[in-house]
Protein chains: 2
Amino acid sequence: MDIELVTVGTELLLGFTVDTNSAEIGRALAEEGVRLVRRTSVADRPEEIAAAVAGALQRSGAVLTTGGLGPTRDDMTKTVVAALYDAPLEFDETVWQSLLERYRRFGRAPAASNRTQAEVPRGATVLPNRWGTAPGLWLEGEPGLTIMLPGVPSEMRNLLAHEVLPRLRGRGSGKVIRSRAVRTTGIAESTLAERLDDIEDELEPLSLAYLPGVSGVDLRLTAWGLEASDADDLLSAGVARLTAAAGEFAYGTDDADLAAAVLDRARRAGLRLAAAESCTGGMVGTRLTAVPGSSDVFVGGVVCYDDRLKTLLLDVDPATIARHGAVSGEVAAEMATGALTRLAADAAVSVTGIAGPGGGSAEKPVGTVCIGVAGRGPVETARMVFGGNREEVRARAAQAALRMLLGRIGSGDG
Amino acid sequence: MDIELVTVGTELLLGFTVDTNSAEIGRALAEEGVRLVRRTSVADRPEEIAAAVAGALQRSGAVLTTGGLGPTRDDMTKTVVAALYDAPLEFDETVWQSLLERYRRFGRAPAASNRTQAEVPRGATVLPNRWGTAPGLWLEGEPGLTIMLPGVPSEMRNLLAHEVLPRLRGRGSGKVIRSRAVRTTGIAESTLAERLDDIEDELEPLSLAYLPGVSGVDLRLTAWGLEASDADDLLSAGVARLTAAAGEFAYGTDDADLAAAVLDRARRAGLRLAAAESCTGGMVGTRLTAVPGSSDVFVGGVVCYDDRLKTLLLDVDPATIARHGAVSGEVAAEMATGALTRLAADAAVSVTGIAGPGGGSAEKPVGTVCIGVAGRGPVETARMVFGGNREEVRARAAQAALRMLLGRIGSGDG
């Protein structure tokens, strides 16, 4: 089954809104074996909407629209589509009652204009919207299939998942496009590619893409046009294979977060963690505390942006700073050890670096970052140079700190 | 002048890539008075690209394409468009030499397939791409105007700004759509609307939109279809008027960042700042240190996620925690005072709260946040309850902390 997407909204064309719905819809349809062949965005004008929907139906026989279902005069999608199907709009008492019920729940009174939201093209199936006021509509007839969804992302997403995809499931080709990802960090794309060179052929018919970003290189495996169960089996096997081949550089799959992996491993090992941050200014702490339930593992941290604070709060020897500079393995080591002691943790990570744009030198260019990890054994340090702007250097530094911490906890050496 | 946008890429339809180019292009065109009337996305298939471009030219007489200009077999845009114009592809020595020069600079050798990137449809103007390998192309003839740009966002953005918009400038209607924003924080949308009720009429013909988000409510003023100079004059006056009306809740315009405003004001007042964070876990520090040059103002902070650290590092009295709870104005006050003293700063802000999803109670529901600010005068505290999920509560809490800090510095009371 082929389908087109028509997104309606003057805001989209003016660029006031970034259209994230389209990517979500594309992924969801491909996963169900429905091929999205074209996406069109038009303004809130009846003739533009009519031309786009009619063209899509003529080419592909099916169209999904988003937007233009609200109660204001701008909201023209339903009226326009009803006209294409020669279907008069009829007031639907059930829709109206559930709208009234929704308003009651929020302690508000519906406006007169809300009544139009209860109008349904004759012959259409109402897709109940428990997440907002505009119901979705499913209209099938002479011109083809038109599915209308609201443009609000949360409403679109829920209606798509709960009302649209189950109805489309039987109509797909049976051949789906599905993806999984293995997340790696701390290894360059080219090095990773060499390491995976041998197994790339064995992954077929899955395709493998390398997606480098500030958090590392994601490996995306895609199954193209396979039966759903074959796709899932192949992807599971492929993910296992890639994870094994990437070794200590792999930290999870799909939406996995390195901070969550660190917390999990520390929790299992019964370790409490601390952070000492300079150039990252609190990003390591922010990442760890973004994970619900982190408080039983992460005790806290120190942001010692000023060098005096490195001494005041972490007992870094001013002589070490004078001799090696604030961005040095020696200072990173003392910061980590200081955090371990002063914050009474079992393992501590430190970051000190030059995020730029200023502050670089020939010996220590912008992007130079030193990381330390202290625990039960001797303190470890690493020095690296990251590319990118200030924000990218900082994000890469925080990710590298979490990676070193994960490795250390994994060693059983706290 | 009307124009359509055709974005080319199977990845876009599959939702593997979110199309951020489209919004950028829409904004930039509207600012120059060129009306974007339709956006279409198609897969990397010659017949789909041809149908979309031909349809756009027929309807609107002008089309801008992105994507499909690279060196691989997937990259079909140039070939397809050249055929629509009956223009043979010709090898362009100048383009080839600049490609070779670019490869030399990066110490790489071009692949044989790169030669196709130097092929230009007869009659096309080459738009030199100093930001990548695929030049843009400007092709005007019988079917209309076709502008081809690469899909890589940084290359698209630079070519659009430096090569395309200057050439389109003369062709627009002369009537532009331009926007400016006044950023506010710490005031509810409804309260702000009441406050601005009187002046809304006076802003005409500008439209005013309220855009609430985690950082506060942005006020977007838009000039629709005016001469460029009139639009700019009206927008400047409107921004001044809104800023005055929003009073202490306005912190800047357009892309202004509250953390940068805090640092500016502290720098002018000669004050050094510190932060003591619990539920935000380092977000206040992260925001302040994201601003280049923050090190002369922000000395650092303490992330005291564990209550013991509040005492160890900030001298919070355990009895205060026992009596009032860790999330209380009393603890926020002691955290701020502790940070001021221990970190030797002139002003310090503290945040303690319940970000959720767990940890709430009837008396202190999820979203409860207490903030303290200590400086020369007596310590101030505030308690608020934020909506949203864990990340939203944390982002709103960090923003509120920065806002209180800004107000305190502004009072001249450090």
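Me: Before we start, what should I know about the numbering and the model?
Reply: Residues are numbered from 1 along each chain as its sequence is written, and chains are lettered from A and ligands numbered from 1 in the order in which they are written. The model is predicted, so to speak: local features need pLDDT of at least 70, side-chain atom pairs count only at pLDDT 80 or more, and totals for chains, interfaces and linings use all residues.

Me: How do you know that chain B is in contact with chain A?
Reply: Two residues are in contact if their C-beta atoms, placed from the backbone, lie within 7 Å. By that test, 48 residues of chain B are in contact with 48 residues of chain A. Among the elements giving two or more residues to chain B's side are helix 2 (21-31), strand 14 (298-304) and helix 14 (390-410) of chain B. Helices (H or I, at least four residues) and strands (E, at least two) are DSSP runs, numbered from the N terminus.

Me: What makes a residue on that side of chain B nonpolar, polar or charged?
Reply: Ala, Val, Leu, Ile, Met, Phe, Trp, Tyr, Cys and Pro count as nonpolar, Asp, Glu, Lys and Arg as charged, and the others, Gly among them, as polar. Sorted like that, the side of chain B that touches chain A has 24 nonpolar, 16 polar and eight charged residues.

Me: How do you know how the two copies are related?
Reply: Superpose them by least squares on the C-alpha atoms of residues with pLDDT of at least 70 in both. A rotation of 180 degrees with 0.1 Å of shift along its axis puts chain B on chain A, with an RMSD of 0.1 Å. The copies are thus related as by a two-fold rotation axis. Also, 98% of the interface residues of chain B are interface residues in chain A too, so the copies meet through the same surface.

Me: Why do strand 14 of chain A and strand 14 of chain B count as a pair?
Reply: Two strands pair if DSSP finds at least two bridges between them. Here there are five bridges, in the antiparallel sense. In one of them, Gly300(A) has Cys304(B) as its bridge partner.

Me: Why is helix 2 of chain B called roughly parallel to helix 6 of chain B?
Reply: Axes are lines fitted to C-alpha atoms, for helices over the stretch in contact, and angles run from 0 to 180 degrees between N-to-C directions. Angles under 35 degrees count as roughly parallel, over 145 as roughly antiparallel, 65 to 115 as roughly perpendicular and the rest as oblique. The two axes come within 11 Å and cross at roughly 15 degrees, which makes helix 2 of chain B roughly parallel to helix 6 of chain B.

Me: What makes strand 10 and strand 12 of chain B edge strands?
Reply: In chain B, four strands form an open antiparallel sheet in the order 10-11-9-12. Strand 10 (207-213) and strand 12 (250-253) of chain B each have a single partner strand, so one side of each is left without a neighbour in the sheet. Further in, strand 9 (residues 175-184) and strand 11 (residues 216-227) of chain B pair over ten bridges, and Arg183(B) stands opposite Asp218(B) in strand 11 of chain B.
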